[in-house]
Amino acid sequence: MKHQKFSYIFIFFLAISNILSQEIKFYGEAKAGGIIIGQGKNIKAARLNEKPLIVDKSGTFIFGFDRNAKGSFTLNIKLTNKKTLKYEYEIEKRDYGEQSLVIQKKYIRPPKRELKRIKNETRIIKTARKKIGKVKTALYSAGFSYPLDSIKVTGNFGVQRILNNEPHNIHNGVDFEGAEGDSVYAITDGIVRLAGENFYYNGNFVLLDHGQGLSSIYLHLSKIFVKKNQKVKKGELIGLVGSTGRSTSPHLHLGVQWFNKRIDPMSLFDIKELN
Ligand SMILES: [Zn+2]
């Protein structure tokens with residue numbers, strides 16, 4: 001009889017721990033340009049609307065909302081015990097405003113002799129980006145830190161750029177004030193997919209793969225300290241601030257994407273670490 005009582009308590013304990021382990025922890029904000037990181041045990045699969053998400057061995061996954069995202073999104077999580085968890089997100093259209101800049105004419109309409117070069121550079125970037133999403137591990141689980149020692153934003157994410165009085169491209173990143181030679185750090189752990197030198201628009205730049213489709217890009221550098229396929233840690237020195245490529249003065253342009261979705265880099269820095 002004594003033995004039977006023991007096993008009853010044991011089973012009860014297992015049932016409790018099973019309920020607790022189904023909890024999913026979320027980080028980030030559901031908004032246009034925002035990302036959400038989820039973490040939980042016993043996850044079999046997750047999808048956002050119809051898109052399957054990558055869940056790694058630790059139960060970590062990520063998804064993002066594009067600059068122009070709006071409307072309803074449903075996150076479905078299938079657990080190993082066949083239960084399903086459902087989360088609904090209602091995303092409002094975000095207004096980003098405009099920013100007027102005066103830049104050299106050659107960066108608005110590139111001279112004919114540069115077109116072949118630009119086409120080639122676009123192809124190189126596209127090829128490097130194709131690899132992003134193949135790493136299943138959440139390398140970003142180290143959390144995020146700023147790419148510079150001192151942070152002052154001079155160009156917000158998502159603004160409509162007015163170049164020399166003409167509406168032009170959308171600003172797909174954030175510009176930070178910086179002096180030539182300031183240290184530039186990786187915002188989280190990753191793998192260098194591309195260390196581009198002297199590209200027409202980007203100048204010297206580094207593209208990092210943080211796993212599960214998340215990437216960051218650091219433009220207009222004066223110096224690069226990393227090589228393709230090199231692993232980097234959060235906070236590691238990867239280059240120096242400069243004004244190479246289409247840049248009016250020394251600054252750092254930081255761009256973040258989740259696959260091809262344009263993410264507001266500022267939405268990451270509240271996620272200092274995952275517990
Ligand atoms: Zn920029």
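Two strands are said to pair if DSSP finds at least two bridges between them. With that definition in place, I turn to the structure above, which is a predicted model.

I begin with a sheet to which the definition applies. Three strands form an open sheet in the order β13-β19-β17, and the pairing is antiparallel. The edges are taken by β13 (183-185) and β17 (223-224); each has a single partner strand, so one side of each is left without a neighbour in the sheet. Between β13 and strand β19, which covers residues 237-240, the antiparallel pairing runs over three bridges.

Let me now step back to the chain as a whole. The protein chain holds two helices and 21 strands. Its C-alpha atoms fill a box of roughly 90 × 40 × 35 Å, taken along the principal axes. Of its 275 residues, 35% count as buried. Among contacts with a separation of 6 or more, 65% are made by residues 24 or more positions apart.

How is the chain divided into domains? The domain assignment gives domain 1 (2-91) and domain 2 (98-267). Taken over C-alpha atoms, the centres of domain 1 and domain 2 are separated by 32 Å. The contact between them takes 15 residues from domain 1 and 16 residues from domain 2. On the domain 1 side, the largest share comes from strand β5 (residues 60-64), which supplies five residues. By class, that side of domain 1 has six nonpolar, five polar and four charged residues.

The largest one has 46 residues, of which Ile62, Phe205, Val206 and Tyr218 touch the most other members. To take one of its members, Phe205 touches Gly196, Phe199, Ile217, Tyr218, Leu219 and Leu221, when residues up to four places away in sequence are not counted.

Strand β1 (residues 24-28) and strand β2 (residues 35-40) pair in the antiparallel sense over five bridges. In this pairing, Lys25 stands opposite Gln39 in β2. Six residues lie between the two strands of the hairpin, and Gly33 takes a positive phi near 80°.

Is α2 largely buried or largely in the open? Of its 19 residues, the number buried is zero, so α2 lies largely in the open.

Why does Lys51 count as exposed? A residue is exposed if 12 or fewer other C-beta atoms lie within 10 Å of its own, and Lys51 counts as exposed because it has 10 C-beta neighbours inside 10 Å. As for its place in the chain, Lys51 is 98 residues from Asp149 in sequence, and the two are 37 Å apart in space, C-alpha to C-alpha.

Terms used: Residues are numbered from 1 along each chain as its sequence is written. This is a predicted model: local features need pLDDT of at least 70, side-chain atom pairs count only at pLDDT 80 or more; totals for chains, interfaces and linings use all residues. A residue is buried if 20 or more other C-beta atoms lie within 10 Å of its own, exposed if 12 or fewer, and partly exposed in between; C-beta atoms are placed from the backbone. Helices (H or I, at least four residues) and strands (E, at least two) are DSSP runs, numbered from the N terminus. Two residues are in contact if their C-beta atoms, placed from the backbone, lie within 7 Å. A nonpolar core is a set of buried Ala, Val, Leu, Ile, Met, Phe, Trp, Tyr and Cys residues joined through C-beta atoms within 7 Å. Domain bounds come from an automatic or database domain assignment. Ala, Val, Leu, Ile, Met, Phe, Trp, Tyr, Cys and Pro count as nonpolar, Asp, Glu, Lys and Arg as charged, and the others, Gly among them, as polar.
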